[in-house]
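Please have the sequence and the 3D view open as you read.

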Amino acid sequence: MKIIVDRSACTGLGICESLAPNCFEVDDAGDLILLTETVSEEDLEGVRQAIEGCPTEALRLES
Amino acid sequence: MSGRRLVVVGASLAGLRAVEAARKSGFDGSVVLIGAEPHLPYDRPPLSKAFLDGADLPAFRTEEVLRDELGVRLALGAPATALDTAARVVRAGEREFGYDALVIATGAAARTLPGTGGLTGVHTLRTRDDALAVRSALDDGARTVVVGAGFIGSEVASAARKRGLDVTIVEALPTPLVRAVGAAMGRACAALHARNGTTLRCGTGVAAVEGDGRVERVRLTDGTVLPADLVVAGIGAVPATGWLAGAGLPLDDGVVCDETLFTGVPGVYAAGDVARWHNPAFGRPMRLEHWTSAAEQGAVAARNALDPANAKPYSTVPYFWSDWYDSRIQFVGVPAAEEVRVVDGDPGGHRFVALYREGDRLAGALTLNGQPQIMKYRALIMRGASWADGLEFADRRRAALKTA
Ligand SMILES: Cc1cc2nc3c(=O)[nH]c(=O)nc-3n(C[C@H](O)[C@H](O)[C@H](O)COP(=O)(O)OP(=O)(O)OC[C@H]3O[C@@H](n4cnc5c(N)ncnc54)[C@H](O)[C@@H]3O)c2cc1C
Ligand code: SF4
């Protein structure tokens, strides 16, 4: 599974980072960085929660 | 599961997430979404932000997606008026909707300024229609008075200043935002107003809002008279539970729920701004008016209502953000703290991080323009980190940024 970020939607609120810190980080400029593109089995639940929790609906998973 | 009926009352964020979660979990019975507003569910945070600057506000989902893909029957434009928990029926005027599972997601309604009923140009800011009215007044260059220096009022002031308009905020308390972030940090946030040319008058109330048909001036309790074409009241919201009078649900500043969002009445769950639930992360009841918890609770309440035997608790570290001028304020955790310590930056400046202590626990964190930090503290609080852990983490961050 791959994480896709809609850069035009994301405003760097960072909820994804708090739910799946292995996959997302907001950098010092306030932009979202993907720490990994493919999601491990172990991180999948956190990433699913991040997709639901993102206030701008900027995230999705693609197989 | 077919043949069962889910009814969701309140067609906004929590209600939408409830119907989506029901379908995602495989529920194939009937789903009805009842909403007082005529609009399809839309997002509220932009109403006091980008929408006031002129941006569009699309609905969360199109009618086709809701109806055809999600199989939701929409009953919009008329509020639910009564709940009969014995017959398991929701009434909306003459119409009746029977349910097996019910999610109450009626949110909160803005408090209005007493005695301003007949005056045009006086608004609250809760709905799309409110925001349209405020935006068109700003388009006309209104001299603006905002009553209440909370988050929504402060965002409205920011929007007015962005257009170069004159704006004054009137706040009855000596310090704004005390309940939300505590006194010291309330002062630090309020300082943004002066720096951006907004007049903030604290410790004075509104004596009268006057005008002939339309608002002309605001008279304050200290005798000051402020000329005004637009008055926006940002004085808080009350949970929309009026329609539940006599339903036998536990009500106490919201619908009272246990940790699974269950009201104690068979089949009935609540979610979002209307729900006061027991948050296991802090071991206490809370009612939040935050986007993230409303979205998450909507989903949890629907899943639990449809499968009560496997109901899961909803536990969270509260989170909200607010955008003022070109700054972003973010808060995680609970502000009822015994100590607040600034661990990075300067509360008089453009960027800072403050931590909140409760006992020996790290209970909260506030940042101004601290997007890279805030969620790291949320993760710490979620793990139950101690105050010492929080301070040590802050030290490490500071050291790392210095050498970077
Ligand atoms: C202007 C504004 C800015 C905001 N900014 C932020 C922000 O920056 N960050 C943040 O975290 N949060 C923010 N919030 C808060 C966030 O929008 C709310 O927490 C969220 O909307 C709550 O969702 P909800 O579905 O529980 O309730 P609501 O969004 O209040 O929706 C409840 C719905 O139920 C309907 N309803 C009420 N009574 C009935 C009835 N009897 N029958 C049928 N329908 C009924 C209402 O018409 C409404 O559409 C903001 C809110 C506002 C108003
Ligand atoms: S939660 Fe959404 S908006 Fe926030 S940083 Fe992640 S993708 Fe961007």
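Sorted by class, the residues that line the largest cavity are nine nonpolar, four polar and no charged, where Ala, Val, Leu, Ile, Met, Phe, Trp, Tyr, Cys and Pro count as nonpolar, Asp, Glu, Lys and Arg as charged, and the others, Gly among them, as polar. That lining has 13 residues, and A:Cys10, A:Leu13, A:Gly14, A:Cys16 and A:Cys54 lie nearest the centre of the cavity. A cavity here is a set of points, on a 1 Å grid over the protein atoms alone, where a 1.4 Å probe fits but cannot get out, and a lining residue has an atom within 4 Å of a point. The largest cavity holds about 110 Å³ of space, a volume being the space filled by probe spheres set on the points, which are joined across faces, edges and corners. By this rule there is one cavity of 30 Å³ or more.

What takes up the space of the largest cavity? It is ligand 2, and a molecule sits in a cavity or pocket if more than half of its atoms lie within 2 Å of its grid points. Among the residues around ligand 2 are A:Cys10, A:Thr11, A:Gly12, A:Leu13 and A:Cys54, where a residue is near a molecule if one of its heavy atoms lies within 4 Å of it. This shell consists of eight nonpolar, four polar and no charged residues.

## How the model is described

This is a predicted model, in which local features need pLDDT of at least 70 and side-chain atom pairs count only at pLDDT 80 or more, while totals for chains, interfaces and linings use all residues. Residues are numbered from 1 along each chain as its sequence is written, chains are lettered from A and ligands numbered from 1 in the order in which they are written, and side-chain values use heavy atoms, with hydrogens and water left out.

## The second largest pocket

A pocket, unlike a cavity, is an open set of points with protein on both sides within 12 Å along at least five of seven lines. The second largest pocket contains about 1100 Å³ of space, and its lining of 36 residues includes A:Glu45, A:Gln49, A:Glu52, B:Ala299 and B:Arg303 nearest the centre. By class, this lining has 16 nonpolar, six polar and 14 charged residues. Its largest share, seven residues, comes from α8(B), where helices (H or I, at least four residues) and strands (E, at least two) are DSSP runs numbered from the N terminus.

## Strands of chain B

In chain B, three strands form an open sheet of mixed pairing in the order β18-β20-β21, and two strands pair if DSSP finds at least two bridges between them. β18 (255-256) and β21 (284-286) of chain B each have a single partner strand, so one side of each is left without a neighbour in the sheet. β18(B) and β20(B) are parallel and share two bridges, with B:Val255 facing B:Ala275 as its bridge partner.

Elsewhere in chain B, β5 (residues 89-92) and β6 (residues 95-98) run antiparallel and are joined by four bridges. B:Ala92 stands opposite B:Arg95, and in this hairpin, with two residues between the strands, B:Gly93 takes a positive phi near 60°.
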